[in-house]
Amino acid sequence: MEPNPRPASDPEQAKLEVQREYASEYRARHRGSRRVAPEELPLFQDDPLREEKLSRRETEWKKVIVCRLCGFKAGRLINHLKVFHRIELSDGSEATATFIANNYRKRFGYNKRQPLSCAELREKYSQKLKGRNSRRRWQGRPSVGQGTRFKKKRAATPSGIHRGVEARKEWGTSQQAKQRMSASRKGRPNIKNRKRRNATGEVVATASDWQRARLRLAGKELSQIAKKLELDDESVRQSLHRMRFPPGRPCCFFRGEAITHKHLLAHFEDLKYVRNLRSIEFRANANGKELTVREASELLGVPEPWIYAHTRQSSKDSIPHSKTERGALTFLKDQLLDYAQDRRHGVSSFLTTSKLETELAGRLGISARRVYGFVAHPESYKNPLPITLGERLLSSIASLREEFRQLGSTAKGGRPKTLLPSEGKELPGKYDTLKSDLNLMLSWAERLDDGVKLEEVGKWMCEQSGLGRLQVLLFWPSLHEKLSVICERARNRDHGGRLGAAERSKEILCQEYRISPRQLARAVTLPSKTLIAA
Ligand SMILES: [Zn+2]
């Protein structure tokens, strides 16, 4: 704190001083928040729709529009422009408010009739006008305001030209209009690029998105697809990108996803469970909830001194524990299990995963060092796994699942477990996404007049995936053959679209994971944690 320059003898004056300081600070802060940061202003100047985009995340952007000249935030801009930027916007001569506003719109890429106010006000006035005009129509009176916009036919000038065409002639296509057009075309193929001339100059149709997608799902390189379909590489790359295929080299697809390091990591965890944790869980069932040092050492399969060493304050790798009043160590069983489960590469040689890493390396035919890289630094692997590694991983997963099923039940007894821990975790999510995709597909199929073939379903999937509506269906190649049958069944039914999607996805998941409907119902409704422990 700065020492007060005035004598502190007068308490009244000191109080006033504090108040004044506070007021000026408050004003400075307030003034700051009414403007966007200077480094942010160029972003606004480049993009007339920036507030709209920002408001999708933060709703307060619906309440302001930013002045592109100085960064001032306002509800309506016109008064601000008239007062602060009149000289700049009127080109030297005395000008009306309309002239100033139009000049501003033109300069920053707005449409000619774009209101210069925030989204909330625009919505409010639009609702007001709609209400007023609907009352007027009811009374048999003509609409007021920009009522032509709501007429059924496209608005035309008295001389018969479309107003839109006329505006574009006069105003040019604004940046705002261009952005809106490209947004409405996002995910749809560019038909212009789809025309190809053969040697004699005839226009021939080129390969559909589905043909490209199919080859990619089969693991073909871009150049191979391009050669087969007589296209150029770039066209294939663009269409695959639009359909949300992962970029780069071809990869394997499994249950609606590209195989990535996440699958490898999940497989590693499963392997750890089958080899180590399962036996620890076995022993855990025999004991009570609170354990002594000896019981803990038996449970984890380590000597007692190791336990003591890992409960000291100096330990970098401490086991969760607590002490009784008399100073004895106690452990909670669940915490110990979690500790063992999270363990990857501890300081001590006990409970390390290096053996498992070597085993996994052998299963996948890669070096143990590389497996360690995947396990210890998963964040550095962004792209899907190469196709050969992906295939080996899939066969390794399949063989581990077989082995797991042969193991029989736990010490508690009961039915042997059939789902690997990672499968149990992913099932609820898979069920939800598959259900929503099938729902979309069935409501599409029900509206069709003719029979559905795989070709049409494929084309539909490609389009929907491009629009971002489809999540897993396109990337689940083993399902594709069944889809047309499912569509056909839905088409021949009179009702039950929604129910149908849930039924079908249950059916598919039961086949895919080889479990009974009851097991599936349990896996989907129960949280995954209890499923593993049960
Ligand atoms: Zn301004």
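**Burial, helix packing and strand pairing**

Trainee: Why does Arg-244 count as partly exposed?

Mentor: In this predicted model, Arg-244 has 16 C-beta neighbours inside 10 Å. Buried requires 20 or more such neighbours and exposed requires 12 or fewer, with partly exposed in between. The value of 16 falls between these limits, so Arg-244 counts as partly exposed. Arg-244 belongs to the loop between helix 12 and strand 5 (253-254). Its phi is positive, at about 70°, although Arg-244 is not a glycine.

Trainee: What makes Arg-514 count as exposed?

Mentor: For Arg-514 the number of C-beta neighbours inside 10 Å is 12. The limit for exposed is 12 or fewer, so Arg-514 meets it and counts as exposed. The loop that holds Arg-514 runs between helix 23 (497-513) and helix 24 (517-525). Arg-514, which is not a glycine, also has a positive phi, of about 55°.

Trainee: How do you know whether Lys-382 is buried or exposed?

Mentor: Lys-382 has 9 other C-beta atoms within 10 Å. The C-alpha atom of Lys-382 lies 9.6 Å from that of Lys-262, and 120 residues separate the two along the chain.

Trainee: What share of the protein chain is buried?

Mentor: The protein chain has 534 residues, of which 22% count as buried. The chain contains 25 helices and nine strands. Of its contacts with a separation of 6 or more, 62% are between residues 24 or more positions apart.

Trainee: Which residues of helix 10 are buried, and what do they pack against?

Mentor: The buried residues of helix 10 are Asp-209, Trp-210, Arg-212, Ala-213, Leu-215 and Arg-216. These buried residues pack against helix 11, helix 12 and helix 21. Just after helix 10 comes Gly-219, with a positive phi of about 85°.

Trainee: How is the packing of helix 10 with helix 21 described?

Mentor: Two packed helices are described by the angle between their axes and the distance between the axes. For helix 10 (residues 209-217) and helix 21 (residues 454-466), the angle is about 90° and the axes are 8 Å apart. Angles of 65 to 115 degrees count as roughly perpendicular, and helix 10 is therefore roughly perpendicular to helix 21. Helix 10 brings Asp-209, Trp-210, Ala-213 and Arg-214 to the contact, while helix 21 brings Glu-455, Gly-458, Lys-459 and Cys-462. By class, this contact of helix 10 with helix 21 has three nonpolar, one polar and four charged residues.

Trainee: Why is helix 11 called roughly perpendicular to helix 12?

Mentor: The axes of helix 11 (residues 222-229) and helix 12 (residues 233-242) cross at roughly 110° and come within 8 Å. That angle falls in the range of 65 to 115 degrees, so helix 11 is roughly perpendicular to helix 12. The crossing of helix 11 past helix 12 is right-handed. On the side of helix 11 the contact involves Leu-222, Ser-223, Ile-225 and Ala-226, which meet Asp-233, Val-236 and Arg-237 in helix 12. These residues of helix 11 and helix 12 divide into four nonpolar, one polar and two charged.

Trainee: What joins strand 8 to strand 9?

Mentor: Two bridges join the antiparallel strands 8 and 9, so they also meet the requirement of at least two. Ser-322 stands opposite Thr-330 in strand 9. Strands 8 and 9 form a hairpin with five residues between them, and in the turn Gly-327 has a positive phi of about 95°.

Trainee: Why are strand 7 and strand 8 said to stand at the edges?

Mentor: The three strands form an open sheet in the order 7-9-8, with antiparallel pairing. Strand 7 (290-291) and strand 8 (322-323) each have a single partner strand, so one side of each has no neighbour in the sheet.

Definitions and conventions
Residues numbered from 1 in each chain as written. Predicted model: local features only at pLDDT ≥ 70, side-chain atom pairs only at ≥ 80, totals over all residues. Helix = DSSP H or I, 4+ residues; strand = E, 2+ residues; numbered from the N terminus. Axes fitted to C-alpha atoms, helices over the stretch in contact; angles between N-to-C directions. Parallel < 35°, antiparallel > 145°, perpendicular 65-115°, else oblique. Contact = placed C-beta atoms within 7 Å. Nonpolar A, V, L, I, M, F, W, Y, C, P; charged D, E, K, R; others polar. Left-handed = near helix turned anticlockwise from the far one by under 90°.
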